[in-house]
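Please look over the model shown here.

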Amino acid sequence: MSRRNTVGNAVRGPTSALTEFLREQGINSRPQNPYTLNNNANNTADNAAASGSASPAAGPSTAATPGQSASASASPGPSKPRRRRAVAEPDSDDLDGDDDDGPSRQPAKKAKKQMTVKELEAEKERQRRAHEVKKKGQAAAGDDDDWEENEEEDPYTAPAKKGKSTAAGGPGSRTECAECGKKVIITQYTPAALDGDGVLCPACAKAGGIDQLKKLAPKKRAPKAKQRAAPKPDDHIKVPSLQEVCIKLIGDHIEDVEELGEIGLINMDRICRIIAKNRSLTSATAQLFFDISRKKLKLYDSSNLDAAALGAIASFCPHLEELSIDLCGRAESSTMVAWGERFDALRRIELYGPFLVRVPGWKKFLEAMGERLEGFLITQSPRFDLECTEHLVKHCPNLTELRLADIRELTPECLTALHGYTSLTLLDLSRPGQPMTPESVIALLSSVGAHLLSLNLSNIPDLTDDVLVSGIRPHCHDLASLDISDCVNVDPPGIVGLFGDWKTNVGLRELNLKKCYGLDDDALRAVLAHSGRTLEKLSVNALKELGKEALDEIGRAAPRLRELDAGWCREVDDYTMKDWLEGCTELEQVKVWGCNRLTANCPRKRGVRLIGCEALTV
């Protein structure tokens, strides 16, 4: 039990062994109350008088005899008032200890403080030696003593271990510059010394021509090797011939070629196709294909040829009979005038995209061509209007091929002006810019359809079943190719009325029914019953109403089919593909985009290109 020391009471109670041991070692485990520190001086004097100690007490008071102390304590006379000390919380380790802090503890505290300083100095010395070892590059192969020192490092004062640089420590640690000795804080941009030992400060790095902010190029990873799938037995690997390799090599280095020489028109056309993919046809390379003796010329991409370069074709090839140019958007009216003046044998011209040619340029060109012009095929010419159409009919009456595709100013009046062409074999009026009435189309077919072999009426929203039944069936007996794609108003009765019992026609070779959404099984069966034996190209793309049985019938009814587009026909599956491959013996290409029922086990056949099968491309 704890005993309080009061004045005149020096009785000490028993103490535990642990408390006695701690007192002998100079250790006081009782917590100090900061609010009672101011009263320690007064309490020390009172405690010393009560215990009868002979040692001088602090302060001006003197020691008293025991008799005087007893009489003083018994007398009720006035005494000096004392402030009561704050009671500290009891300590479980020192329940019997005194409340006063004896003078015997002070030397122990001083000794403990000196020992702690020595430990800190020793710890700093160990860290310094470890730092020198790391700086010399011996930390990786250090001995056991260094390993023990690293283990004993204080985690709060040890240098950072992440992002180690060429000097000791990592980003955030301090070191000295290897050149000038200044203090340097290491960052991710701190450069290493030229000899690899230490780091440089910003001033020394700048003096040495080192850019601190220049990021090092990331290490390039080795390209991941592509997994090559084992070829299937039915895969057809075509080995290019030496001629094809040479042609491709010439096409890739066409800018370094000075003259093609006598390589033939077919090979020259192949080279022109190759350079068109890279748009390498320029004013310089185009001259490789020009020759005064040429009769036919086709340029697949002339985007880089200006009006002057296009007009120069007539000067280098004045005896051309057939001219075909794609993407000639830079041709102008002056180009057409130059061609009309210099081409003395031109019979057929095909242009794609002559946007800049105006009405006067068209009129002068048609006047210069005159009666010798037999083929006039243009696409996307927004300025070709009714006046140009009438000028065409007036000055070029012997046309056998006419294409006015994607003409913004094409109107029913223009169709009326074309009634004079009774010898046409090819007619293309697709994608007109103005609404077309079924009556105007029927009237035109009744005048020009007697000798038509190819008819393209695609993307005419106003086209109805009447055009098929009343226009094509009675007037186009020799028709071999028909394109009515994107004619959304064509219904199964119109297809059945056209092909059902059409005895005046021997059968179509090409038929495009793409995006005629209303067609069903009856329409397809009518087509196959009439033209199945003669069909070579067939497109039923996006005819979602077709069933599996009607699609399977293609393989049995069209043995000469070479190209088939059945994209987005949802009923196509592996068994349908098997029927096509077995029945169509001359099949070369099948498009099956969006046919999700085809699996990875889809039948294949050597020599047949299967395009769009998702299960085989994943």
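## Basis

This is a predicted model, in which local features need pLDDT of at least 70, side-chain atom pairs count only at pLDDT 80 or more, and totals for chains, interfaces and linings use all residues. Residues are numbered from 1 along each chain as its sequence is written, and side-chain values use heavy atoms, with hydrogens and water left out.

## Serine 440

Serine 440 sits in helix α15, residues 438–448. Helices are DSSP runs of H or I, at least four residues, and strands are runs of E, at least two, numbered from the N terminus. Serine 440 is buried, at 11% relative accessible area (buried is under 20%, exposed over 50%, with a 1.4 Å probe and protein chains only).

A polar atom of the serine 440 side chain lies 2.7 Å from the backbone oxygen of threonine 437. Beyond neighbours within four places in sequence, serine 440 contacts Pro412 and Leu415 (contact means heavy atoms within 4.5 Å).

## Helices α15 and α16

The axes of α15 and α16 (residues 465–475) come within 9 Å and cross at roughly 5°. Axes are lines fitted to C-alpha atoms, for helices over the stretch in contact, with angles from 0 to 180 degrees between N-to-C directions. α15 is therefore roughly parallel to α16 (angles under 35 degrees).

Among the α15 residues in this contact are Val441, Ile442 and Leu445; α16 contributes residues including Val467 and Ile472.

## Helix α20

In α20 (residues 574–583), Asp574, Thr576, Met577, Trp580 and Leu581 are buried. They fall within an arc of 160° seen down the axis, so they line one face of the helix. The arc is that of directions from the helix axis to the C-beta atoms. Tyr575 and Glu582, on the other side of α20, are exposed. The cover over the buried residues includes α19 and β13.

Technical notes
Polar contact = N/O pair within 3.5 Å; in protein donor to acceptor, adjacent residues only side chain to side chain. Parallel < 35°, antiparallel > 145°, perpendicular 65-115°, else oblique.
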